[in-house]
Amino acid sequence: MLKNIIHKPFKYSYWNLTLFIIGLNIAVFLLLKIRPVLIYYLALNVRFITSGHMFWQFFTYMFVHDLSSFQHILFNMLGLLFFGLPLEKAIGSKEFLLLYLLSGLFCGIASFIIYIATGMYGVFLYGASGALYAVLLSYSIVYPRAKIFIWGILPVPAPILIAIYAGIEIASQIFSLQSGTAHMTHLAGFVFAWFYFIVRMGINPIKVWKNAYR
């Protein structure tokens, strides 16, 4: 029964949901520019969740971005635009929404556990990066032969680019433990998307990539 529920496909529909998510992120960014104090309610923080019972932060953190740097939201939203739109068109808006929200939730929970384990109770987690990395991996599975042009010049196959990103995140986590980038959150996005396709979609990414490059 549970297996049937997990594998039951949605009826295909397409709503340009990616654009709505981008718009929501921008709206939250502008709201926080006006009322910066709201970041304490929306970003994910161990103390606020455990002591203040602000459990909604597991969802809301993914719509919050660094107010001191426009680059944070800019690059995340460009990534959603370039990779989220074609992915949504391929799998449908309902499937895309489920993937996006669950990956963001998983990344939030994974980061929460890591922060507790490492005693990082004062850290605030925010940004769509975890969910975006899940979208990136999903894109490379749905479009395994797609090429992404680095700096608009160098074509790199999507699966290879994902492997490079994963390597960078692992190396950054090992050698830059004190950096402000949530590398483990990014890797959690990759991990969740991987298992999402295996469990939910019945698709093995390795087999897809092997078949695409025989």
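A residue is called buried when its relative accessible area is under 20%, exposed when that area is over 50%, and partly exposed in between, using a 1.4 Å probe and protein chains only. Keep that in mind as we walk through this predicted model, where local features need pLDDT of at least 70 and side-chain atom pairs count only at pLDDT 80 or more. Residues are numbered from 1 along each chain, and side-chain values use heavy atoms.

Let's begin with Phe29, which is buried at 7% relative accessible area. Phe70, in contrast, is exposed at 55%. A search of the whole structure finds 12 aromatic pairs, that is, rings of Phe, Tyr and Trp (its six-membered ring) with centres within 6.5 Å; planes under 30 degrees apart are stacked, over 60 edge-to-face, and the rest tilted. The rings of Phe29 and Phe70 have centres 6.2 Å apart and planes at 65°, so this pair is edge-to-face. It links distant parts of the chain, 41 residues apart: Phe29 sits in helix α2 (residues 17-34) and Phe70 in helix α6 (residues 70-91), helices being DSSP runs (H or I) of at least four residues, numbered from the N terminus.

Now find Tyr196 and Phe197, whose ring centres lie 6.3 Å apart with planes at 65°, so they too are edge-to-face. Tyr196 is buried at 6% relative accessibility, and Phe197 is buried at 2%. Together with Phe106 and Phe192, these two residues form one aromatic cluster.

Finally, look at Tyr213: Arg145 lies over its face, 5.1 Å from the ring centre. For this, CZ of Arg (or NZ of Lys) must be within 6 Å of the ring centre and within 35 degrees of the ring normal.

Terms used: Helix = DSSP H or I, 4+ residues; strand = E, 2+ residues; numbered from the N terminus.
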